[in-house]
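Please look through the structure below before reading on. The questions that follow take up charged pairs, chain contacts, helix packing and the backbone.

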Amino acid sequence: MKLLIVDDSNIMRRAIEKYVKDFKLDLIGTAGDGEQALALFKTHSPDVVTLDITMPKLDGISCLKEMMKINPRCRVLIISALKDPATSLSALKYGAKGFLPKPFTELQLKEEILELLGDTK
Amino acid sequence: MKEEEIKGFIHTVTSYFNQITEIPAIMGLPYIKDNKTVTYDFTGVIGISGNRKGAVYFTASKQLLLDFGHFILGDDQLDDDALYDLIGEMVNTITGNMRELFGSTFTISVPIIMKGTIEDIVIQLKPPVFIIPIKWKEHTCHLGIGLE
């Protein structure tokens, strides 16, 4: 399965990549803003996306809406510091399959990815 | 700002350090910033709009960021660019988590990062600005909050 990692923090992109390496997902790219993420999404059609919300150019929720228009079967895990219930509900409403609040540990991310992959891993 | 809001920030910071490092951060007594601004090697500022207006900043030494970054990335190398990034992520996480208390109309900007001594952080901060000193391991850092 193809993976796209989207976060405006390079440290978080590196951490996510490192934490999920055991899943043998094929990393097709990483993006630091929503516009770059959409371009990679259109080109590489990832099956799994980890997506931050607060980002320059295009925020994660707007990016999620566009991704769902292109491929509603893509499994998107929102990873965000925005911890209020309204934000997580909004993400799920627009098609995200999961929501992991920051800060997170390696174990928490692995559990979320496992849940996201379900019986496809 | 209300006392419960200050306590909310303190709780968020202590939880953050504890969750990532399992080493507790000790909070000092909050005080109101005077004309002098104390900053460490790296400072991240987040602008706030929506139901509250102002800004929040987090300032820390290079060594604190190197130590903290080690808990996230293990032995991977962290250059100055990575530390710029890390201070931004830290202030973003602390401030974003505060939406749990302030609600979804507490809107945060992407972080602005500064390096070195800064004469005064006045842009966007709404007085009175509360400073929360934080001690983690042998390092000192602090959070500044200036919200209407």
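A salt bridge is a side-chain nitrogen of Lys or Arg within 4 Å of a carboxyl oxygen of Asp or Glu. The model discussed here is a predicted one.

Q: How many salt bridges are found over all chains?
A: The criterion is that a nitrogen of a Lys or Arg side chain lies within 4 Å of a carboxyl oxygen of Asp or Glu. When the whole structure is searched, the number of salt bridges over all chains is 13.

Q: Which residue of chain B meets A:Lys102 in a salt bridge, and which residues are joined into one network?
A: A:Lys102 has a salt-bridge partner in chain B, B:Glu89, at 2.9 Å from N to O. B:Glu89 lies in helix α3 (residues 80-97) of chain B, so the pair joins two chains. A:Lys102 and B:Glu89 are both buried. Through salt bridges that share partners, the network contains A:Asp7, A:Asp52, A:Lys102 and B:Glu89.

Q: How much area do chain A and chain B bury between them?
A: The size of an interface is often given as the accessible area lost when the parts come together. Here the contact takes 24 residues from chain A and 25 residues from chain B. On the side of chain A, the residues that lose the most area are A:Ile11, A:Arg14 and A:Pro103, together 30% of what that side buries. Of the area buried between chain A and chain B, 56% is on carbon and sulfur atoms, and the total is about 2,000 Å².

Q: At what angle do α2(B) and α3(B) pack?
A: Two packed helices are described by the angle between their axes and the distance between the axes. The axes of helix α2 (residues 62-73) of chain B and α3(B) are 10 Å apart, and α2(B) is roughly perpendicular to α3(B). The contact has nine nonpolar, one polar and two charged residues. The packing angle of α2(B) and α3(B) is about 80°.

Q: Which residues of α2(B) does α1(A) meet?
A: The axes of helix α1 (residues 10-19) of chain A and α2(B) come within 9 Å and cross at roughly 35°. The residues in this contact divide into six nonpolar, no polar and two charged. From α1(A), the residues are A:Ile11, A:Arg14, A:Ala15, A:Lys18 and A:Tyr19, and in α2(B) they meet B:Phe71, B:Ile72 and B:Leu73.

Q: Where is A:Pro103, and what is the peptide bond from A:Lys102 to A:Pro103?
A: Most residues other than glycine have a negative phi, and most peptide bonds are trans. A:Pro103 has its place in the loop between β5 and α5 of chain A. The peptide bond from A:Lys102 to A:Pro103 has omega near 0°, and it is cis.

Q: What is the phi of A:Lys24?
A: A:Lys24 lies in the loop between α1 and β2 of chain A, and it is exposed, with a relative accessible area of 73%. Although A:Lys24 is not a glycine, its phi is positive, about 55°.

Methods:
Residues are numbered from 1 along each chain as its sequence is written. Chains are lettered from A and ligands numbered from 1 in the order in which they are written. This is a predicted model: local features need pLDDT of at least 70, side-chain atom pairs count only at pLDDT 80 or more; totals for chains, interfaces and linings use all residues. Side-chain values use heavy atoms; hydrogens and water are left out. Helices (H or I, at least four residues) and strands (E, at least two) are DSSP runs, numbered from the N terminus. Buried means under 20% relative accessible area, exposed over 50%, partly exposed in between (1.4 Å probe, protein chains only). Axes are lines fitted to C-alpha atoms, for helices over the stretch in contact, and angles run from 0 to 180 degrees between N-to-C directions. Angles under 35 degrees count as roughly parallel, over 145 as roughly antiparallel, 65 to 115 as roughly perpendicular and the rest as oblique. Ala, Val, Leu, Ile, Met, Phe, Trp, Tyr, Cys and Pro count as nonpolar, Asp, Glu, Lys and Arg as charged, and the others, Gly among them, as polar. Contact means heavy atoms within 4.5 Å. Buried area is the accessible area (1.4 Å probe) that two parts lose on being put together, summed over both.
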